[in-house]
Amino acid sequence: MKKYLLYALAGVLLTACGKEETIGPDGPQTPGEGEIRFEIGFAPMDGASQTDPHTRVATDTQFNSTWEDGDAIGIFAVQHGKELAASGNFIHNVKLTYTGNSWTASEGIYWPKDGTKYDFYAYYPYSDAATDPKKIAFSVPVDQCEATTGKPAYNRNDLLMAKNDNNGAGFGRNDRAVSLSFKHALAMVQVKVSSSMVGSYASDALSVWLNGCTTGCVLNLSEQTATQSASPAT
């Protein structure tokens, strides 16, 4: 038997590559013009095989990361070469929700006509409170056995981040798509429980305690870092 626990450390584990595409709703231009297209996926784990365990909880049978219906990410974009600001970015915490193998934006996402280039940032899970992209507070629950709307707390508490400046060139309306490859900001602990302790099958009452770990962090999308912010949990 194996138990997987997420906790907010600076260590990073990445997942197998995959992507889906979404199209931003049309702006005031002629339909089909000015749409921002995204290719959204996961960064590969450095040197890892497709069967290595990964941080993201929702995985397919090959342990590759997958998006689940209802997953939502937040998108930021700023003029190429500029710093993300606490407010007023070109795209500022726009919500994209995954449903039925596609992404839907909460509001129109489209290019301006002046040809300005932009750098893009994103994070998961989406939060209305993420008003400052350099100070996104996040924490995992101490008890990861609980469930919300049928989904384990463990599944809902991975922290992902992405950034793309198009290899230093920025993205503009003539680019086919903005690729966002998410990586993990949390560490993962894999716990193996000996069959001599639990028999052939582990009881649902089995608990695994991980002491002295930090459960809170602050995500800085500009620097693509997560800094510990909470006292160790016991």
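**View 1. The largest nonpolar core comprises 26 residues, and those with the most contacts inside it are Phe38, Trp67, Leu96, Phe120 and Phe182.** The model is predicted; local features need pLDDT of at least 70, side-chain atom pairs count only at pLDDT 80 or more, and totals for chains, interfaces and linings use all residues. Residues are numbered from 1 along each chain as its sequence is written, and side-chain values use heavy atoms, with hydrogens and water left out. A nonpolar core is a set of buried Ala, Val, Leu, Ile, Met, Phe, Trp, Tyr and Cys residues joined through side-chain atoms within 4.5 Å; buried means under 20% relative accessible area (1.4 Å probe, protein chains only). At least two residues of this core come from each of strands E3 (37–42), E4 (72–79), E5 (91–99), E6 (102–105), E7, E11 and E12. Strands are DSSP runs of at least two residues, numbered from the N terminus. Another core, of 17 residues, lies apart from it and includes Val78, Ala185, Cys217 and Leu219.

**View 2. Strand E11 (residues 160–164) is largely enclosed by the rest of the structure, because four of its five residues are buried.** Strand E7 (residues 118–124) runs antiparallel to E11 and is joined to E11 by five bridges; two strands pair if DSSP finds at least two bridges between them. Ala122 stands opposite Ala162 in E11. Strand E12 (residues 178–184) also pairs with E11 in the antiparallel sense, over two bridges, and here Met161 stands opposite Lys183.

**View 3. Trp67 and Tyr124 form an edge-to-face pair.** The whole structure holds 12 aromatic pairs, for which ring centres of Phe, Tyr and Trp (its six-membered ring) lie within 6.5 Å; planes under 30 degrees apart count as stacked, over 60 as edge-to-face and the rest as tilted. In this pair the centres are 5.7 Å apart and the planes stand at 70°. Trp67 lies in the loop between E3 and E4 and Tyr124 in strand E7, 57 residues apart, so that the pair links distant parts of the chain. Trp67 is buried at 6% relative accessibility, as is Tyr124 at 4%. Ring pairs also link Phe38, Phe90, Trp111, Tyr118, Phe120 and Phe171 into a cluster.

**View 4. Three strands form an open sheet in the order E8-E15-E16, with antiparallel pairing.** Strands E8 (136–139) and E16 (225–228) stand at the edges with a single partner strand each, so one side of each is left without a neighbour in the sheet. Strand E15 (residues 216–220) pairs with E16 over four bridges, and Ala226 in E16 is the bridge partner of Leu219.

Definitions and conventions:
Buried means under 20% relative accessible area, exposed over 50%, partly exposed in between (1.4 Å probe, protein chains only).
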